[in-house]
Amino acid sequence: MIVNFLGIDHKVGTTMITQSIADAIAYNDPSLNIIRLALHNRLGLDYYPHAVGSVDDLLISLDVKYLDAKDFEAVSHKTGSLRVLGGLKDISLGRKFGIEETKYLLKFVSERYDLVIVDAGAELDNGLTAGALSMGDQLFYVATQSESCLQQFSHMMPVVKLCCSKQPSAVILNKFLV
């Protein structure tokens with residue numbers, strides 16, 4: 001199962017939410033084989049305490065559609081039943097990842113893990129995010145109550161509907177503003 005988390009705007013907490021959910025599920029059910037991927041234009045490891053590789057390290061393998069399990073394990077990090085792979089270290093490589101490369105990566109991990117948790121960032125103009133949204137089984141939006149976030153939400157919806165494979169499951173309001 002692939003579960004995508006899409007931030008409605010930057011700094012709404014998508015990375016923290018995905019890491020917290022992945023950690024909680026892995027802790028509460030160690031029999032599940034879980035992976036958390038950051039599939040957007042940033043590394044997305046702000047709250048992860050270990051050194052982890054990124055999708056940059058897999059660019060050639062994804063481009064030729066040949067990814068070896070040992071190579072994948074070498075660039076990702078595993079603690080207990082949770083494996084983590086970061087997003088882009090080098091933002092200049094962002095345009096090298098298309099939708100097809102992302103779909104190939106997600107197919108690869110979904111065949112090996114019980115649960116794939118994707119931090120899809122907050123930008124729809126890249127192949128990592130678009131590919132993730134096209135493959136997900138569930139989609140959760142992450143938002144705040146700020147006016148700018150609500151405006152961004154209304155601007156994003158038509159584009160999200162074009163590339164999403166599923167209707168959103170819920171909106172997570174991450175911060176309470178007074």
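Four nonpolar, ten polar and seven charged: that is how the residues lining the largest pocket divide. Keep in mind, everyone, that we are looking at a predicted model.

Let me stay with that pocket for a moment. Its volume comes out at about 370 Å³. There are 21 residues in the lining, and the ones closest to the pocket's centre are Lys-11, Thr-14, Thr-15, Arg-42 and Asp-46. Which helix gives the most to this lining? That would be helix H1, residues 14-28, which contributes three residues.

Now, over to the surface. If you want to find Tyr-66 on your screens, go to the loop that runs between helix H2 (59-63) and helix H3 (69-75). Tyr-66 counts as exposed because its relative accessibility is 56%, and the cut-off for that label is over 50%.

One more residue before I hand over: Asp-57. You will find Asp-57 in the loop between strand E2 (34-38) and H2. Is Asp-57 buried, partly exposed or exposed? Its relative accessibility is 37%, so Asp-57 counts as partly exposed; that class sits between the 20% and 50% limits.

Terms used
Residues numbered from 1 in each chain as written. Predicted model: local features only at pLDDT ≥ 70, side-chain atom pairs only at ≥ 80, totals over all residues. Heavy atoms only, no water. Helix = DSSP H or I, 4+ residues; strand = E, 2+ residues; numbered from the N terminus. Buried < 20%, exposed > 50% of the residue type's maximum accessible area, 1.4 Å probe, protein only. 1 Å grid on protein atoms, 1.4 Å probe; cavity = no way out; pocket = protein on both sides within 12 Å on 5 of 7 lines; lining within 4 Å. Points joined across faces, edges and corners; volume = space filled by probe spheres on them. Nonpolar A, V, L, I, M, F, W, Y, C, P; charged D, E, K, R; others polar.
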